[in-house]
Amino acid sequence: MKHLFFGGIHPKYNKEMSKRTPEIRRIEPDTVVIPMLQHIGAPCTPLVKVGDRVLKGQKIGDGEGLCVPVHASVSGVVKAIEPRPHVRGTLINAVVIANDFKNESVTMPHADNDDEILHAIREAGIVGMGGAAFPGNVKALGAMGNVDTLIANGCECEPYITADDTLLRTNPTEVLEGMLILRRLLDPKRTVLAVEDNKTEAIAELKKLLPRYPDIELVVLPTRYPQGSEKQLIQAVTGRQVPPGQLPVKVGCAVFNVSTFAAICRAATEGKALTERIVTVSGEAIAEPQNFMVPIGTSFHDLIEIAGGLHDKTERVISGGPMMGVAQGDLSVPVVKATNSILCLLKDVNGAAENPVCLRCGKCVTVCPMRLQPLYMYRFTNSGRVDELNRMNLMDCMECGSCAFTCPGKLPLVETFRKGKQMVREAQKK
Amino acid sequence: MKLTVASSPHIRGNFRTNRIMADVMLALTPALAVGVVRFGMDALILTLVTMATAVAAEWLYSKLTKTRNTTVDGSALVTGMLLAMTLPHTCPLWLAALGSVFAILFVKCLCGGLGQNIFNPALAARAAMMVLYPVGLTRYMGVDGVTAATPLHHMVMPALPEESVLDMFLGNCPGSIGEISALALLVGGAYLLWRKVISVRIPAAYLGSVAVLTLVFAKTDAPIDWMLYSLFSGGVMLGAIFMATDYATSPATPMGQIVYGIGCGALTVFFRYFGLFPEGVTYAILLMNALVWFIDRLTPIRRFGTVKGGDNQ
């Protein structure tokens, strides 16, 4: 049975740009900066001192509670432990390692049973690699015995980004093996690999392999943004809607990004910690758009230089995609576990309005995948009506930007909704 | 190099205000062309006068209030063009110009400008002109160039008009400049649908309710003919496709748009049957305009994740 999620848009995808160079280039930076917080939850405490020699894959930070460890992504010497700029826009404590290019590494023991696999997922520092960065072991533990559908998210619905696509084209086996590992752990009825139909080469590769994986179902979805959003993907694959404020487990689903499955496979079978990932460096403002295999902690600046540098008229450098990514002001920030893309855009791409005017055209209502009414949310945020914002279910907004993308009056919708949510939160505290 | 740190999304679609306005004017062109062919250059001159005065009024308003000049968005041109479509080509130019100024200054600008007005500016202006100087709006010309009754005047009697249904559909009948040819208006409507400027909800609900009500409550013993004449006569097509779909004065929620369309259709039939004038489109839409916010509030969209039963376990 085919399902569709509500609303959605068709932006210009521009994915060919970063696919012109088919192979993945491996990066060896001089220095890496490993932030002690790369996940949703509590930050890690450094386990090393300045001057220590560390090996690739060695745990250098860990903590209590909702926390997964971080690891050295190169072998070398710890130069500093200090707060450094982070893609989130704040200073976060980080371990700075000077690469000695000896590439000496450590691995973890092989994981066999359920407990060992859950332990390996944690010890490898695995988080959701699609952007949310939720600790993988916590999500897997919560899903055990509670889900009938396990979904691998290979939609990659943001324009420009081809990191997951590249993984599926070049190393689909790792993803499929990772899916089998979690399938054994969660015991779902359906194990689904969901991909949007614009990834024709990846789909062809997967179709070659699938006869060897009878338990895995490939679901090819019609390309539409924001299909890769967890709630929307669950709706598209199963027809179920995750209730407001609830987790996917509530409707019997667990969703992990394809890169996360690959990382789980490497952790469980090879004992490798999450120390590197594929990053798309793309956009009109970069000289040679392509995909790189990047050690965690490599600075945006280094990666941009390797990709041929920025155009003179670059206006924005974004961590993530053009729809939900975060614009960066300081390019010394490092690639973290959830960084799937560095997007470099020229002037005039956004065309922000100096005088935004709402025409009341209602397009925002029809494209909203959460069935909200952005035009009224905008109006009530600007007039400070918290009661109305609650009535409008503003907190359901996931800031996908479909409304702002579509708005002919170019209203700053997403920006305004962030302010509105802040107002709602402050009102709740009182 | 100075990097901009601004909120997502960092890209936007090409659906722009002035593109929408240009599309609406393009979509009205077939109807205007039929009017010019039918009534001569007077129709074109009248249209150009209302468009020019609308823009001039908006420009003047921005000068007087020292606010931003908004004439570049094209909405004043659309208002002027729409107003002309509702007028007979015999309408005195001074009256048309006055109506255009009224539409822009009083109905639009003083209500807060684009997107803020409660009433459709063109229709509110037409209603005001009808009250102030009805003679200027009620001289219609037949094929031979002499004053003639419109099909709606026949239907008040009640009787079927002299023209055939096909003539009505093509626009071979007396009437206002832009309302006579259902075909031309439907072509324009199809273009707006294709360009995604309007959705089918309001026109379909409007025309559908007019069709059902005139079929069920036909005033002659040929209900299907009565229904077709009702749909093709007067301003129903123009109103359903171009007036009721005006963004600022129609609901923004999908369900609200359907309710609104049905309301417009029902009131149109009501006013035609029981009103003072043969036509009811203007007053039907203006009345529904006043209810738009109310309708939007009363037709909430089912919140994501709150489906009862069905797919959602």
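Is A:Glu276 buried or exposed? Let's find out by walking through this predicted model, one selection at a time.

**Stop 1: A:Glu276.** Select this residue in chain A and show its side chain. A:Glu276 counts as buried because its relative accessibility is 17%, and the cut-off for buried is under 20%. You'll find A:Glu276 in strand E13, which covers residues 276–282 of chain A. Now show what surrounds it. Leaving aside neighbours within four places in sequence, A:Glu276 is in contact with A:Arg26, A:Lys56, A:Arg266, A:Met293, A:Val294, A:Pro295 and A:Ile296. Zoom in on A:Arg26: its side chain and that of A:Glu276 are joined by a polar contact of 3.0 Å.

Stop 2: E13(A) and E17(A) run parallel, with 3 bridges joining them.

**Stop 3: strand E17.** Select residues 341–346 of chain A. Why is this strand described as largely enclosed by the rest of the structure? Because 6 of its 6 residues are buried. Look at where the side chains go. In a regular strand, they alternate between the two faces of the sheet. Here, A:Ser341, A:Leu343 and A:Leu345 point one way, A:Ile342, A:Cys344 and A:Leu346 point the other way, and all are buried.

**Stop 4: strand E15.** Next, pick residues 314–319 of chain A. This strand, E15, runs antiparallel to E17(A), and 5 bridges join the two. Find A:Leu343 again: the residue standing opposite it is A:Ile318.

**Stop 5: where the chains meet.** Zoom out and colour chains A and B separately. How many residues does each chain bring to the contact? Chain B gives 46 and chain A gives 74. About 5000 Å² is buried between them, and carbon and sulfur atoms give 54% of that area. On the chain B side, select B:His10, B:Arg12 and B:Phe304; these lose the most area to chain A, together 19% of what that side buries.

**Stop 6: links across the interface.** The two chains share 3 salt bridges. For one of them, select B:Asp296 and A:Arg360, whose side chains meet with an N to O distance of 3.5 Å. There are also 20 residue pairs in polar contact across the interface. Now show helix H1 (17–39) and helix H14 (292–298) of chain B, the elements giving two or more residues to the side that touches chain A. H14(B) supplies the largest share, 4 residues.

Terms used
Residues numbered from 1 in each chain as written. Chains lettered and ligands numbered in written order. Predicted model: local features only at pLDDT ≥ 70, side-chain atom pairs only at ≥ 80, totals over all residues. Heavy atoms only, no water. Contact = heavy atoms within 4.5 Å. Buried area = accessible area lost by both parts, 1.4 Å probe. Salt bridge = Lys/Arg side-chain N within 4 Å of Asp/Glu carboxyl O. Polar contact = N/O pair within 3.5 Å; in protein donor to acceptor, adjacent residues only side chain to side chain. Buried < 20%, exposed > 50% of the residue type's maximum accessible area, 1.4 Å probe, protein only. Pairing = 2+ DSSP bridges.
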